[in-house]
Amino acid sequence: MAQVQATKFKNPVVNWIDSRLPIFTMLDHEYNHYPMPRNVNYLWAFGAIAGIMLMIMIATGLFLAMQYSSHTSLAFDSVERIMRDVNYGWLIRYVHANGASMFFIAVYIHMFRALYYGSYKAPREILWILGVIIFLVMMGTAFMGYVLPWGQMSFWGATVITNLFSAFPIVGDPIVTLLWGGFSVDNPTLNRFFALHFLLPFVLLGLVILHTAALHVCGSNNPLGIDPKGPQDTVPFNPYVTLKDGFAVVIFMIIFAVFVFFMPNYMGHPDNYIPANPLVTPAHIVPEWYFLPFYAMLRAIPDKLGGVLAMFGSIALLAFLPWLDRSKVRSCKFRPVYRQFFWILAIDALILGYAGAMPAEGSWLVIARIGTFYYFFHFLVLLPVLGKLERTRPLPNSISESILKGGGSIAAGAHAKPMEKA
Amino acid sequence: MRALKTAILSAALALGIAGAAQASEGVHIPKQTWPHAGIFGTIDKAAAQRGFQIYKEVCSACHSMRLVPIRTLAGIGFKEDELKGIASGYEVQAGPNDAGEMFMRPGLPSDRFPSPFANDQAARASNNGALPPDLSLMAKARVGGEDYLYAFLTGFEEPPADVHVMPGMNYNKVFPGHQVGMPNILQPDGVTFADGTKATVEQQAHDVATFLTFVAEPHLDARKQMGVKVILFLLVLAGLMYAAKRKLWSTLH
């Protein structure tokens, strides 16, 4: 974004606007000509997919908000009214509810892609930290959204999660009172959660714009983890990557549609179709699936404050990743030892997720404890040590040399005549 | 391609966790075959109409269905005059009139099904302290859905010798804790179906479960039909996108 050069456009109106406010030049620069490493694979599409999911969530959320009532005596019934009486209300709500899960799937894949290919390393530290903040805000937004239908899991999930803050000494109880707007989860809680649930997606949008701006300063990483050395290593974003990302988006939408139309309640909990009742506690209070690994960490520590610190710490830790990983080599392709540990971490996250869904007793508790220990061990011990000890494989000289094996000349020739837009 | 496979695999694993979260209840619920299951499945309207008859003659004595407007029944094949007939069989409170008094009038298709009790306390007082739950969302509000409803309605039996059933309670093999306030209400030929279907307990349980699936999800048929169209469209679009992408990127190599 740093340097915006005036471009000449054919359309005189566009030109007139652009000479006064160069938004078209900026878009042309950032999305038409933005150089993408030519070797990126389909995992690089998940950033775009996550962005589209955010748009879908804001659009469907807006229409839901037009029909929803954020009063404890009306909330549950108003959601059912949307499902039964509002034109295509069932579609909008199922897209929104399943969209949250799909958004998390996209973001988790996006994050693990960054971990695998070392996308958080210099010079992309701020880009990565913005991503961690996006993840945190997203979790808060999703949590508050789940409270809004005011079913049993909404109410008891809200009770459990807000009570976490009471673990902190001195400030804990005032924070909880502030979150509740009273002395228990009640109407003021629902009202403020609705207000915040409407606000935070736009905060997310702002963060995503910053995230993208930071990305466009240093450019996208790629599976080799080496910087492009010139135009022979890159392709213009449009049409090459727009088309490739577009294909990936359509495939993702097919999976999304399978959930929305054929198993819309698969990722939800049946108890949330029972209206909230402060006098009846569900047999097991479980959060949505995307919180389960963190829920497992929370319950793994026998001390309440310790559990809360472990849970928040597991995310805060990610912000320090660029400095915990000492290796100069980015991509796992050239880090044979780290690559093994990466997959162990991925499996550890899945095991933690499974343990989070199980009652916190017996062997599941032991497994959750081992999993939690390993999570922190990976980031705090393995990563710094591996960076020093690991013998990495030699890096290729350039992207084009690596993929074409014949040097950059052919690639440069192809790049000289990018396809005309139809 | 390998990367794509990895991505899909990890997504599938993550979703597996969600399934595990729901499958953690104790009793095994046998799966039934439902005409509304599967991609092209639609609600069996005849079964749902029989289910409505059972709801009206049996269930509604204790259970409310307060979220469902009577006109919803158009979705299982009732015509407008039939709906008016069904609705006028109910008395609903309206008002206040010009004298400031509430009065009763015959129901309209736009009314919701009236509840058998004025409030939860009245329901408990008439049912030995137990609260008959609302049936509007019952098929979605229990683990196992309609399979659970079928298993529950056919699951009343004599308690095993070592189980002491509390006074006023009944033994049910699938209910959590096995003791439930609701009695074994479905009896063979307890209702007489107009279409001549033999009213066995299994048949009634199947029909009620079908009806409750419909009222919990009145747009189920429309949803699946739209889903087939959406996915076919997306598959064609994906094919075109992939071909275009291949053609474009081939100029690079």
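Which elements of chain B do the buried residues of helix 5 pack against? Keep that in mind while you set up the view.

**Before you start**

This is a predicted model, in which local features need pLDDT of at least 70, side-chain atom pairs count only at pLDDT 80 or more, and totals for chains, interfaces and linings use all residues. Residues are numbered from 1 along each chain as its sequence is written, chains are lettered from A and ligands numbered from 1 in the order in which they are written, and side-chain values use heavy atoms, with hydrogens and water left out.

**Stop 1: chain A as a whole**

Select chain A. It holds 17 helices and two strands. Helices (H or I, at least four residues) and strands (E, at least two) are DSSP runs, numbered from the N terminus. The C-alpha atoms fill a box of roughly 75 × 60 × 40 Å along the principal axes.

Colour by burial next. Buried residues make up 54% of the 422 in chain A. Here buried means under 20% relative accessible area, exposed over 50%, and partly exposed in between (1.4 Å probe, protein chains only).

**Stop 2**

Go to the loop between helix 7 (152-164) and helix 8 of chain A, where Ile170(A) is found. Phi of Ile170(A) is near 65 degrees, a positive value in a residue other than glycine. Ile170(A) counts as exposed because its relative accessibility is 81%.

Now select Asp173(A), in helix 8 (residues 172-180) of chain A. Asp173(A) has 52% relative accessibility, so it counts as exposed.

**Stop 3: two cis peptide bonds**

Select Asn238(A) and Pro239(A). A cis peptide bond joins them, with omega about 5 degrees. Pro239(A) lies in helix 10 (residues 237-262) of chain A.

Switch to chain B. The bond from Gly95(B) to Pro96(B) is cis too, with omega near 5 degrees. Pro96(B) sits in the loop between strand 1 (91-94) and strand 2 (103-106) of chain B.

**Stop 4: chain B as a whole**

Count seven helices and four strands. Along the sequence they run α-α-α-β-β-α-α-β-β-α-α. Of the 253 residues of chain B, 42% count as buried.

**Stop 5: helix 3 of chain B**

Select residues 80-88 of chain B, which form helix 3; Leu83(B), Ile86(B) and Ala87(B) are buried there. They lie on the same side of helix 3 of chain B because they cover an arc of only 95 degrees around the axis. The arc is that of the directions from the helix axis to the C-beta atoms. The buried residues of helix 3 pack against helix 2 (45-57) of chain B.

**Stop 6: helix 5 of chain B**

Back to the opening question. Select helix 5 (residues 145-153) of chain B: nine of its nine residues are buried. Among them are Tyr148(B), Tyr150(B) and Phe152(B). The buried residues of helix 5 pack against strand 4 (179-180) and helix 6 (201-216) of chain B.

**Last stop: Asp189(B)**

Find Asp189(B) in the loop between strand 4 and helix 6 of chain B. Phi of Asp189(B) is near 60 degrees, a positive value in a residue other than glycine. Asp189(B) is partly exposed, with a relative accessible area of 47%.

Terms used: Contact means heavy atoms within 4.5 Å.
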